[in-house]
Amino acid sequence: KSRWQFYANAHTLSKLVDIDEAAQQELRARLPPPVVVPLAPGDLVLLSVQRPHAVRGWRTSCVRASLQSFLNFGGAGERLTLEA
């Protein structure tokens, strides 16, 4: 997207970091419907945190591992590095 589109939508995008319930409702109303990704045990999910995203709750009797980190790509032929 262009820099102009970013500035034109800055007011809406600022709601991504707002904990105000009304702001969150307004943001959800402006976004398309959620995409639900079906997962199976052992699946790995990588996503761009630069895009709006969310995680549904899970049953508390189930085991779930979660790690938030940055994955760095240095170019073809280079190893991926993980920042924890």
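**Note on a predicted 84-residue chain**

1. Helix H3 has three buried residues: Ala-23, Gln-24 and Leu-27. Viewed down the H3 axis, these buried residues stay within an arc of 100°, so they line one face of the helix. The arc is taken over the directions from the helix axis to the C-beta atoms. Buried means under 20% relative accessible area, exposed means over 50%, and partly exposed lies in between (1.4 Å probe, protein chains only). Helices (H or I, at least four residues) and strands (E, at least two) are DSSP runs, numbered from the N terminus.

2. Basis of the model. This is a predicted model, in which local features need pLDDT of at least 70 and side-chain atom pairs count only at pLDDT 80 or more, while totals for chains, interfaces and linings use all residues. Residues are numbered from 1 along each chain as its sequence is written, and side-chain values use heavy atoms, with hydrogens and water left out.

3. The other side of H3. Here Glu-21, Arg-28 and Ala-29 are exposed. An α-helix has 3.6 residues a turn, so residues three or four places apart point the same way.

4. Leu-27 sits in helix H3 and is buried at a relative accessible area of 7%. Gln-24 also belongs to helix H3. Its relative accessibility is 19%, so Gln-24 counts as buried under the 20% limit. As for spacing, Leu-27 and Arg-51 are 24 residues apart in sequence, with 13 Å between their C-alpha atoms. Gln-24 and Ala-65 are 41 residues apart in sequence and 27 Å apart, C-alpha to C-alpha.

5. Salt bridge. The count comes to one salt bridge, defined as a side-chain nitrogen of Lys or Arg within 4 Å of a carboxyl oxygen of Asp or Glu. Arg-30 pairs with Glu-26, and the closest N and O atoms are 3.3 Å apart. Side chains of opposite charge can pair when their charged atoms come close. The two residues, Arg-30 and Glu-26, are four apart in helix H3, so about one helical turn separates them. Arg-30 is exposed, with a relative accessible area of 54%. Glu-26 is partly exposed, at 29% relative accessibility.

6. Leu-31 is in the loop between H3 and E1. Leu-31 is partly exposed, with a relative accessible area of 35%. Its C-alpha atom is 25 Å from that of Leu-44, 13 residues apart along the chain. Val-49 is in the loop between helix H3 (21-30) and strand E1 (70-72). At a relative accessible area of 53%, Val-49 is exposed.

7. Nonpolar patch. Val-49 is one of the residues in a nonpolar surface patch of about 730 Å². Patches are made of residues with over 30% relative accessible area and no salt bridge; like charges are joined within 9 Å, and nonpolar side chains (Val, Leu, Ile, Met, Phe, Trp, Tyr) within 5 Å. Accessible areas come from the Shrake-Rupley method with a 1.4 Å probe, and for residues only the protein chains shown count as cover.

8. Strand E2. Leu-82 is found in strand E2 (residues 81-83). Leu-82 is exposed, at a relative accessible area of 55%. Neighbours within four places in sequence aside, Leu-82 is in contact (heavy atoms within 4.5 Å) with Leu-67, Ser-69, Phe-70 and Leu-71. The C-alpha atoms of Leu-82 and Asn-72 are 6.2 Å apart, with the two residues ten apart along the chain.

9. Overall form. The protein chain has three helices and two strands, in the order α-α-α-β-β along the sequence. Its radius of gyration is 17 Å, whereas a compact globule of 84 residues would have one near 12 Å. The radius is taken over C-alpha atoms, and the globule rule is 2.2 Å times the number of residues to the power 0.38. The C-alpha trace spans about 40 × 40 × 20 Å along its principal axes.

10. Buried residues make up 7% of the 84 residues. Among contacts with a separation of 6 or more, 6% are between residues 24 or more positions apart. The accessible surface comes to about 8,400 Å², and 58% of this belongs to carbon and sulfur atoms.
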